[in-house]
Amino acid sequence: QDQLVESGGGLVQAGESLRLSCAASGRMLSANSMAWYRQAPGKQRELVATIVGGGITNYGDSVKGRFSISRDKAFKTMYLQMNALKPEDSAVYYCKMTNAWGDYWGQGIRVTVSS
C-alpha cells in the first residue's frame, strides 16, 4: 500500500506564507492528476487546487490569487505555495494523486494561521 508523505505545515501569522510538499513513493506510478484539499473541524472537505498532466491548474474561489499548485515533471511530487495566509485558511491539508490504479492520499498536515 502506497502512502503520500506531506510536509511543510505549521503555525504562522496572518499575511505570512507556507509551502506544502507531497511526495509519492518511488514504486508508485506517475500521477495523471493531482489535487490539494483541506478540511477544518466541523466543515466539509474543500477542494483547494488541481493540476493535470497538461499543466492546467484550477483553484477554489477562497484561495484564488493567493495559492499556487505545482508539480515536478515526473508527476511524483506536488507543492502548494500559500501566500497572504488568513486565519480562515487554518485546516488540515490533504494531497491526492490519481494514477491508473486509483486515488492516493496523504495523511494530512495541519496549517494554523493566527490573527
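Which residue stands opposite W105 in β10? K96 does.

## Model and conventions

The model is predicted; local features need pLDDT of at least 70 and side-chain atom pairs count only at pLDDT 80 or more, while totals for chains, interfaces and linings use all residues. Residues are numbered from 1 along each chain as its sequence is written, and side-chain values use heavy atoms, with hydrogens and water left out.

## Pairing of β9

Strands here are DSSP runs (E, at least two residues), numbered from the N terminus. Two strands pair if DSSP finds at least two bridges between them.

β9 pairs with β4 in the antiparallel sense over seven bridges, and Y93 in β9 is the bridge partner of R38. With β11, β9 has an antiparallel pairing over three bridges; there, A91 has V111 in β11 as its bridge partner. Strand β10 (residues 102-105) is also antiparallel to β9, over four bridges, and a hairpin of two residues joins β9 to β10.

## Nonpolar core

A nonpolar core is a set of buried Ala, Val, Leu, Ile, Met, Phe, Trp, Tyr and Cys residues joined through side-chain atoms within 4.5 Å; buried means under 20% relative accessible area (1.4 Å probe, protein chains only). The largest such core has 30 residues, of which W36, L80, M82 and Y93 touch the most other members. Elements giving two or more residues to this core include β4 (33-39), β9 (91-99) and β11 (109-114). β9 gives the most, with four residues.

Eight of the nine residues of β9 are buried. Y93 has contacts (heavy atoms within 4.5 Å) with residues including W36, R38, L80, M82 and V111, not counting residues up to four places away in sequence.

Terms used
Buried means under 20% relative accessible area, exposed over 50%, partly exposed in between (1.4 Å probe, protein chains only).
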